[in-house]
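Trainee: I would like to learn how to read a model like this one. Can you take me through it feature by feature?

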Amino acid sequence: MEQPMHLIKETDYGTPAVTAEKMVTLTIDGFPVTVPEGTSIMRAAMDAGIKVPKLCATDSLNAFGSCRLCLVEVKGRNGTPASCTTPVAPGIEVSTQTPRLKQLRRGVMELYISDHPLDCLTCSANGDCELQDMAGAVGLREVRYGYDGANHLDSEKDTSNPYFTFDPAKCIVCSRCVRACEETQSTFALTIDGRGFASVVSAGMDENFLDSECVSCGACVQACPTATLMEKSVIETGQPEHSVLTTCAYCGVGCSFKAEMRGEELVRMVPHKDGKANHGHSCVKGRFAWGYATHKERILKPMIRGKITDAWREVSWDEAFAYAASEFKRIQAKYGRGSIGGITSSRCTNEETFLVQKLVRAGFGNNNVDTCARVCHSPTGFGLSSAPVFASRMKKRLREGAKLIVIDPRRIDLVRMPHVEADYHLPLLPGTNVAILDALAHVIVTEGLIDEAFVRERCDWDEFQAWAKFVSEPRNSPEAVAKISGVPAEAIRGAARLYATGGNGAIYYGLGVTEHSQGTTAVMAIANLALATGNLGRPGVGVNPLRGQNNVQGACDMGSFPHELSGYRHISDDATRALFDSLWGVTLDKEPGLRIPNMLDAAVDGTFKGIYIQGEDILQSDPDTKHVAAGLAAMECVVVQDLFLNETARYAHVFLPGSTFLEKNGTFTNAERRIQRVRKVMTPKNGLEDWQITVKLAEALGFDMRHEHPSQIMDEIAQLTPTFKGVSYEKLDQEGSVQWPCNENAPAGTPVMHIGGFARGKGKFNITEYVATDERTGPRFPLLLTTGRILSQYNVGAQTRRTANVAWHTEDRLEIHPHDAEQRGVRDGDWVRLQSRAGDTSLRALITDRVAPGVVYTTFHHPDTQANVITTDFSDWATNCPEYKVTAVQVMPSNGPSKWQEEYQELSARTRRIGDLAGAAE
Amino acid sequence: MQRAPWNRDRAQAIIDEHKHLDGAALPMLHALQHEFGHIAEEALPLIAHTLNLTRAEVHGIVTFYHDFRREPAGRHVLKLCRAEACQSRGGEALAAHAKARLKLDWHDTDAIGSVTLEPVFCLGLCACAPAAMLDGRVIGRLDRARLDNLLDEAGR
């Protein structure tokens, strides 16, 4: 375990930092202080080590000036201004402690305490209460008003939120929660109800928190200075005694957290103020949804079975490793070296991913390794539900005046929600991304909106001209594309003009772009737009994929693809392979191995027989569930390493219980290439960290890849990977995080790529011809289905379904336009049958005009729904990324779950039995 | 003060009439209260949606102002000034008399819906304290007899 740190208490400077060129010098309590112009007196004092008493101020929020505790005196000025709202001025002499201030502050505290319960000893905030601290700081000794006057002590506590309580009796109405909801989270779900003494904090229209507009991010809880808003886990457990800094295992934002501990018990997760990706903020998943780590369904003992219809038998680790190794060896002896493979996980650490691909390449002796990054499909639309902390910051920028163009088939929240309104929403038909992008380019080129200087300097001019000629063709005009995409030509023109002329323009995209048969083309088309308008290579611009899973970036970097070694170097490159050969003492195969879909095809054909799957549920997350099931069922040894008996494990012969991110050391790499430490805060309940399991499996196979600590694995990665050359745990511990490339040219890492030139030379314009997907609607399947995610759930839901987050999403529903619903006699909440060429499933309908007529939408967080039963196996031409986003379907009323779902339920129960005793059969 | 019964479409129409204004929430609320006699809970989400605000924000605005009513008032509304100047000129005794005669406490409306009794803090008539307001009309130099006359006028 990592050396425990004391409980980290970040310094609260009271008001946000100010950046200004001009510095101002003043004196505070006789000490000279120099700070940037515009800094508050309160913050300047804190810089000098002088704490001014305060309650409503905290440095994550703008100054508010309501608590009247931070009053100071300024020589030569009248009155006692609030130090939080008063900026510094040159030469002023400030006093923070005078007899007059002392009297005022005591008076204010007396008023607060006259309406506050005196139960400090039994209060959950005891030890972490700013009100208590301030009572001490001002020397409160009596409350002259007594406690019998009007008060709020009988107010009812709101316990509706699964993760925190709201106790208005303890509220001092400092508005920190209301402001945090607005400024930090951008949700505006809280307000002050009433005025004067009657003021109370209200969620929504005096609703309980769960029913209100609250998204349970917890920013209010973190901002509350008292026990009014308090984590239920703290109420149950008590105050933590030490913290460990670690990185969230949910999405690609990569929020840095303080895991606040009591011994080995996690008390709460608090986003770390110095976290460079999240700056002290987080979402409901990262902060609260960690209960899955101790969920009763988590498997803690290794298990094996001969046939998937047998009950599982719990065995020792050694027996499990020996069995898996002997099976893999037997299969390779019988069917050949290429008959087994492995799958790495975007949820595991870089080190674990690296080891799995090393085991496959060097231990199995083939390149049959792939990762779920290919099939990751977390985000809804443009990924904001899956990257909530990013969404909060984006909304803040929008309130400050940034313009927004949304391209999404659905009217997603971001199109119009409180305080956000997109300037353009292009509600394209699913599958027409490339056509729309080409039309945008058409407008930019034909209306002369390109950044010619940038293109001439940074790109190949001839290539640009060829591309410009292509996009200028009439078939790429908005008027032509309007017919294909359903988006009015004027909207396309307006959006193109805004992007090209609105100043810095950044493009963010999620899997709405990649999960199409033309996903790669669409990514190229996006790059073309950025190049043509000069929106690359400096802060505030660029092309930014939003990663759904925490370590998609890392999994890709670590050589998870069958054709690539770490750092995106092709397996056929002799020099690169030689480097690995000499360090690992093997001879790597120069031929790329099989991708996941190819492995499954080969399994069905009978040439692929064994697989090692780490931390990935391919049966639930991959398209065309039936094909995946057939592939897995045809294998002779499926080894699954996971926290739970996931869907894939129903076809497994060996189950290796995995560890959570709280139980292991390693690193994750977020969507901005930021490598951050994951630190072990508790002993793995299953006994081994995931990387240790891979090491031991390798050992059983006779391949030695021993490591004592993940830091050594990172050293090996650095040794073998030029872009990681400067990365080490020592550096990460020192810097907090590093963005690769990190090497001799960039020892501190690389925050912005492509400054002054592109890594691969000239910026490349690609011709991006729109090709309609083979998946077409017709009389039998007249609707287009697209799938996505919601905020409170994560990926296939294996973790979030096992936390109280189910309060926000109890089932997957099918969104359907009122027009389409009426035609089919479907009412809101009815069971409907959703049928495609590949299969059918049943779920309940949700009638909404968020989707256009002709388009239906659903999520797939719950295995009972199995939305992927009906998605097809069309995939992207370049990467095999499956086409989740477009499937032609029909919808009709039904009475309940489909036959497939019933069979599935039955099979699911049958293939998940765990024997009571070793060897106990039916 | 007979007012129209709640009607969602009418409420939305009133809201839409004002949505072009800067700071449109208050004019909307005034117009709704004028039409319906009070601000129904159902009106808040309509305002929120139209102005692209949250329900919470509109709730904050409505509850801040005492003069936005959340429930229908009686046909007549009698407001008695409770501020310092009026108190010093016998306002306390007049308030007690009004409460006793109407058998009402502050903010209550009688069972037949004829009168609502409300406290108010300063009508700007301190020079002719104690002061009152009946259905928007201000009355100075109030005494017991004039108060009884006002209540007679209100049908009580």
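Mentor: Start where the chains touch. Two residues are in contact if their C-beta atoms, placed from the backbone, lie within 7 Å. Here, twelve residues of chain B are in contact with 19 residues of chain A. Helix 4 (residues 55–64) of chain B gives the most to that side of chain B, with seven residues. This is a predicted model: local features need pLDDT of at least 70, side-chain atom pairs count only at pLDDT 80 or more, and totals for chains, interfaces and linings use all residues. Residues are numbered from 1 along each chain as its sequence is written, while chains are lettered from A and ligands numbered from 1 in the order in which they are written.

Trainee: By class, which residues has the side of chain B that touches chain A?

Mentor: First, the classes. Ala, Val, Leu, Ile, Met, Phe, Trp, Tyr, Cys and Pro count as nonpolar, Asp, Glu, Lys and Arg as charged, and the others, Gly among them, as polar. The side of chain B that touches chain A has four nonpolar, five polar and three charged residues.

Trainee: How many helices and strands has chain B?

Mentor: Helices (H or I, at least four residues) and strands (E, at least two) are DSSP runs, numbered from the N terminus. Chain B has seven helices and four strands. Along the sequence they follow the pattern α-α-α-α-β-α-α-β-β-β-α. The C-alpha atoms of chain B fill a box of roughly 50 × 30 × 20 Å along the principal axes.

Trainee: Which domains does the assignment give for chain B?

Mentor: Domain bounds come from an automatic or database domain assignment. For chain B, that assignment gives domain 1 (8–64) and domain 2 (76–153). Taken over C-alpha atoms, the centres of these two domains of chain B are separated by 30 Å.

Trainee: What is the radius of gyration of chain A?

Mentor: The radius of gyration is taken over C-alpha atoms, and the globule rule is 2.2 Å times the number of residues to the power 0.38. Chain A has 27 helices and 36 strands. Its radius of gyration is 29 Å, close to the 29 Å that the rule gives for 922 residues, so chain A is as compact as a globular protein of that length. The C-alpha atoms of chain A fill a box of roughly 90 × 75 × 65 Å along the principal axes.

Trainee: What share of the residues of chain A counts as buried?

Mentor: Count neighbours. A residue is buried if 20 or more other C-beta atoms lie within 10 Å of its own, exposed if 12 or fewer, and partly exposed in between; C-beta atoms are placed from the backbone. In chain A, 54% of the 922 residues count as buried. In chain B, 33% of the 156 residues do.

Trainee: Which residues of helix 2 of chain A are buried?

Mentor: They are A:Leu101, A:Arg105, A:Met109 and A:Tyr112. They cover an arc of only 60° around the axis, which puts them on the same side of helix 2 of chain A. The arc is that of the directions from the helix axis to the C-beta atoms. The face turned away from the buried side carries the exposed residues A:Pro99, A:Arg100, A:Gln103 and A:Gly107. What covers the buried residues of helix 2 includes strand 4 (73–74) and helix 3 (130–137) of chain A.

Trainee: And helix 24 of chain A: which of its residues are buried?

Mentor: In helix 24 (residues 710–720) of chain A, they are A:Pro710, A:Ile713, A:Met714, A:Ile717 and A:Leu720. Their arc of only 130° around the axis puts them on the same side of helix 24 of chain A. Among the elements they pack against are helix 9 (350–364) and helix 19 (574–584) of chain A.

Trainee: Where is a cis peptide bond in chain B?

Mentor: Look at omega. A cis peptide bond joins B:Ala129 and B:Pro130, with omega about -10°. B:Pro130 is in the loop between strand 2 (115–120) and strand 3 (132–134) of chain B. In chain A, a cis peptide bond joins A:Trp740 and A:Pro741, with omega about 0°.

Trainee: Is A:Ser175 buried or exposed?

Mentor: A:Ser175 is buried, with 20 other C-beta atoms within 10 Å. Check phi too: A:Ser175 has a positive phi of about 70° although it is not a glycine. A:Ser175 sits in the loop between strand 6 (164–166) and helix 4 (176–184) of chain A.
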